[in-house]
There are 2 protein chains.
Amino acid sequence: MSSTSPLLVPFPEMPEIAGVTKRVAKARYKEWDRCDLTYVELDAGTAVAGVTTRNVCCSSEVELCRENLKGGKARALVVNAGNSNAFTGYRGREAVEAITKQVAQHLGCNESEIFVSSTGVIGVPLPKDKAEAGLRAAFEAPTCSWKDIADTIGTTDTFAKGAKASAMIGDRRVEIVGVIKGSGMIAPDMATMLGYIFTDAAVEPAFLQQMLSNANLATFSCITVDSDTSTSDTVLAFATGKAGNQMLASIDDAGADAFASALHDVCRQLAHLVVRDGEGAQKFVEINIEGAVSDDSARRIGLAVANSPLVKTAIAGEDANWGRVVMAVGKAGEPADRDRLSISFGSTQVAKNGLPVDGYDEAPVAAHLKGQEITIGVDIGLGSGRATVWTCDLTHGYISINADYRS
Amino acid sequence: MSSTSPLLVPFPEMPEIAGVTKRVAKARYKEWDRCDLTYVELDAGTAVAGVTTRNVCCSSEVELCRENLKGGKARALVVNAGNSNAFTGYRGREAVEAITKQVAQHLGCNESEIFVSSTGVIGVPLPKDKAEAGLRAAFEAPTCSWKDIADTIGTTDTFAKGAKASAMIGDRRVEIVGVIKGSGMIAPDMATMLGYIFTDAAVEPAFLQQMLSNANLATFSCITVDSDTSTSDTVLAFATGKAGNQMLASIDDAGADAFASALHDVCRQLAHLVVRDGEGAQKFVEINIEGAVSDDSARRIGLAVANSPLVKTAIAGEDANWGRVVMAVGKAGEPADRDRLSISFGSTQVAKNGLPVDGYDEAPVAAHLKGQEITIGVDIGLGSGRATVWTCDLTHGYISINADYRS
């Protein structure tokens with residue numbers, strides 16, 4: 001296993017969420033002696049929303065999640081770690097359906113209210129007997145902490161990841177907490193970002209979905225470690241409604257703004273944690289694009305810069321190679337004009353209107369690049385579209401984790 | 001500088017092309033004592049065609065090439081190595097225009113018949129005085145070999161790259177030769193693929209362009225080292241017409257098929273050479289996609305696989321990690337169905353119709369992956385679209401070349 005990321009953030013103190021009961025158990029999906037099955041019960045009336053991978057070769061779990069999200073109601077979440085159940089055909093589907101059925105019978109609810117994720121080795125159908133025994137153990141297990149949940153959903157993560165925020169809806173304070181796994185991977189495991197957000201707020205499913213989708217666009221969809229998209233990526237948000245606030249159904253409702261903002265905050269924190277555990281990451285990189293023809297265009301330009309191996313290796317080498325940023329902007333396929341482009345590292349402008357800045361002093365840039373938190377600014381100079389994306393550098397550690405290994 | 005690629009191909013014996021006069025000189029664009037200016041004179045009547053980078057932040061050279069290609073006629077090619085003149089605004093443009101003017105005056109031809117490329121450091125305007133003196137030296141220099149040309153256009157290449165083919169047009173044998181530079185890079189130099197093809201065949205410019213564009217789509221556009229697109233990429237084809245064949249103006253002309261096929265062959269060879277000199281490359285990888293909904297879709301899927309850092313590191317690690325291939329197919333954004341997908345390494349099928357092959361024997365796959373020439377086959381199972389793309393593995397060498405360095 002890899003050593004802990006130097007960009008680690010300690011797991012925060014996180015409040016309990018009324019209506020959420022958490023347990024973990026050992027299904028022993030792999031030859032290990034750790035909890036690898038997460039079982040979270042949700043009180044009746046819990047709303048759910050979700051975003052899933054756009055990889056067209058997604059797992060059965062993702063397919064079932066998408067179907068069940070249509071109902072907008074959830075009673076339980078099951079997460080299997082150690083086996084992603086991806087690319088396992090009808091046998092994989094049967095395993096997910098068996099889990100769903102067992103939990104629905106246990107709770108006396110509809111199968112459409114059960115959400116299942118799996119992460120780990122691909123191409124091996126999830127063993128139904130292990131899942132069944134693991135679930136039985138989980139039903140009987142004592143409740144556990146958020147840290148236990150974060151540890152149990154993880155596979156190759158080098159640290160447990162959690163985030164929290166709160167908001168006032170009228171006179172009620174509501175809590176939002178989230179856990180996420182992702183970005184450490186050791187072949188034959190696949191990269192999987194699995195994130196779960198829980199709140200005691202009362203929110204209509206459709207509005208929860210709208211807020212989560214919006215937040216996703218500016219957070220989980222704005223991070224990249226290596227441009228590869230998992231077959232299992234899933235983020236689900238559960239709202240138990242136990243806080244007793246006036247039900248939120250639209251952004252015009254009192255407190256909806258504050259809640260949306262807090263949800264966005266949790267998503268952003270979780271997204272950053274995934275980047276901070278990026279394989280081999282030594283530096284956390286924020287890329288701010290402004291002046292694009294639209295926000296969407298800015299995001300695509302930002303991701304082109306963030307995914308460029310040449311930009312990422314330059315950062316690893318602490319080299320202020322702004323030419324590689326120009327190259328990456330140009331290859332994004334979005335409107336850009338070489339002679340209007342301005343680029344900065346940290347707070348120092350290095351190029352303006354398509355030319356190196358006169359009297360450019362490299363010292364402050366070199367100092368900035370020696371740090372762990374790097375900022376690159378790009379002004380496209382064409383419009384008012386803007387976006388921020390986050391990535392990590394590309395180091396020998398990435399190659400070691402992914403190549404110096406045989407399955 | 002990097003050591004020679006283990007995938008090197010020796011420079012071939014290449015015939016002289018009637019109507020092409022080659023010279024090199026020392027412009028000393030960098031602190032080095034090597035030829036870095038290439039000057040190729042083309043007899044009057046030479047047709048030209050070209051394909052250039054799609055990077056929107058392209059260099060002034062590329063802009064001027066595009067303008068001049070409209071005329072379809074060429075009298076000279078100038079290539080500067082050591083300074084790409086990219087991102088240098090109006091000063092860069094002035095430098096190219098000065099070169100163009102000097103050569104046009106020397107030859108007594110139109111400026112639109114002069115083609116200039118530059119490769120190397122970005123952000124520094126090409127020094128006009130060095131270019132002018134270098135050109136004067138080149139005008140007086142003795143003629144040189146194709147190997148000298150290949151060496152002179154190179155910057156961080158670890159070996160000289162050339163290819164040839166011939167074809168019969170009626171009773172006339174025509175020769176096609178090509179040289180190319182690209183894919184080794186050391187910051188702050190940028191990746192640049194610059195390729196030049198010369199033939200003594202008589203070909204109408206529009207038809208030459210059509211054949212080159214077609215060949216490009218299946219060769220230069222089907223290779224990738226790191227997914228990054230240079231601001232300077234250019235491939236030009238010059239046809240002097242000295243072979244005395246009946247002018248080729250359409251694919252229906254006698255011999256046009258044979259010529260198109262030979263041109264395609266040279267393009268494919270040159271494209272492979274660039275991959276074989278990919279930074280840190282230890283293995284040459286061919287990816288064959290079939291069963292896609294269209295050829296174009298197959299090419300996009302192939303490039304998604306070829307650009308996936310996870311696939312490329314798995315190959316570096318000689319790991320038959322077909323799950324990463326599934327992931328890469330799925331993220332391409334093209335039609336695919338997990339349960340119809342079949343994958344092979346070398347001649348061994350590892351997954352069929354979305355499931356691991358029963359009784360899969362890893363031994364022949366492991367043996368294949370230990371070699372230098374790797375083949376991955378993917379059958380999408382949806383249609384008859386097919387494409388072949390080529391790449392190299394992603395190794396510690398890539399990181400060392402691009403990160404273990406300060407500008």
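A charge sits over a ring if NZ of Lys or CZ of Arg is within 6 Å of the ring centre and within 35 degrees of the ring normal. Keep that in mind for B:Lys22, whose charged end sits over the ring of B:Trp146, 4.3 Å from its centre. Let's look at its rings.

**How confident is the prediction?**
- Chain A has an average pLDDT of 91, and 95% of its residues score at least 70.
- Watch out for residues 185-190 of chain A, where pLDDT stays under 50. For that stretch, the model has 34 contacts beyond four places in sequence.

- Counting over all chains, you'll find ten aromatic pairs.
- Take A:Phe115 and A:Phe238: their ring centres are 6.3 Å apart and their planes meet at 75 degrees, so this pair is edge-to-face.
- A:Phe115 belongs to strand β5 (residues 114-121) and A:Phe238 to strand β10 (residues 234-239), both of chain A, so the pair ties together parts that are 123 residues apart in sequence.
- A:Phe115 counts as buried at 1% relative accessibility, and A:Phe238 is buried too, at 0%.
- Another pair, A:Trp322 with B:Phe87, is tilted, with 5.0 Å from centre to centre and 55 degrees between the planes.
- That pair crosses between chains: A:Trp322 is in helix α9 (residues 322-331) of chain A, while B:Phe87 is in the loop between β4 (76-83) and α2 (89-107) of chain B.
- Both A:Trp322 and B:Phe87 are buried.
- Ring pairs also join A:Phe115, A:Trp146, A:Phe198 and A:Phe238 into a cluster.

**A charge over a ring in chain A**
- The charged end of A:Lys161 sits over the ring of A:Phe159, 4.8 Å from its centre.

Technical notes:
Residues are numbered from 1 along each chain as its sequence is written. Chains are lettered from A and ligands numbered from 1 in the order in which they are written. This is a predicted model: local features need pLDDT of at least 70, side-chain atom pairs count only at pLDDT 80 or more; totals for chains, interfaces and linings use all residues. Side-chain values use heavy atoms; hydrogens and water are left out. pLDDT is the predictor's confidence in each residue, from 0 to 100. Contact means heavy atoms within 4.5 Å. Rings of Phe, Tyr and Trp (its six-membered ring) pair if their centres lie within 6.5 Å; planes under 30 degrees apart count as stacked, over 60 as edge-to-face and the rest as tilted. Helices (H or I, at least four residues) and strands (E, at least two) are DSSP runs, numbered from the N terminus. Buried means under 20% relative accessible area, exposed over 50%, partly exposed in between (1.4 Å probe, protein chains only).
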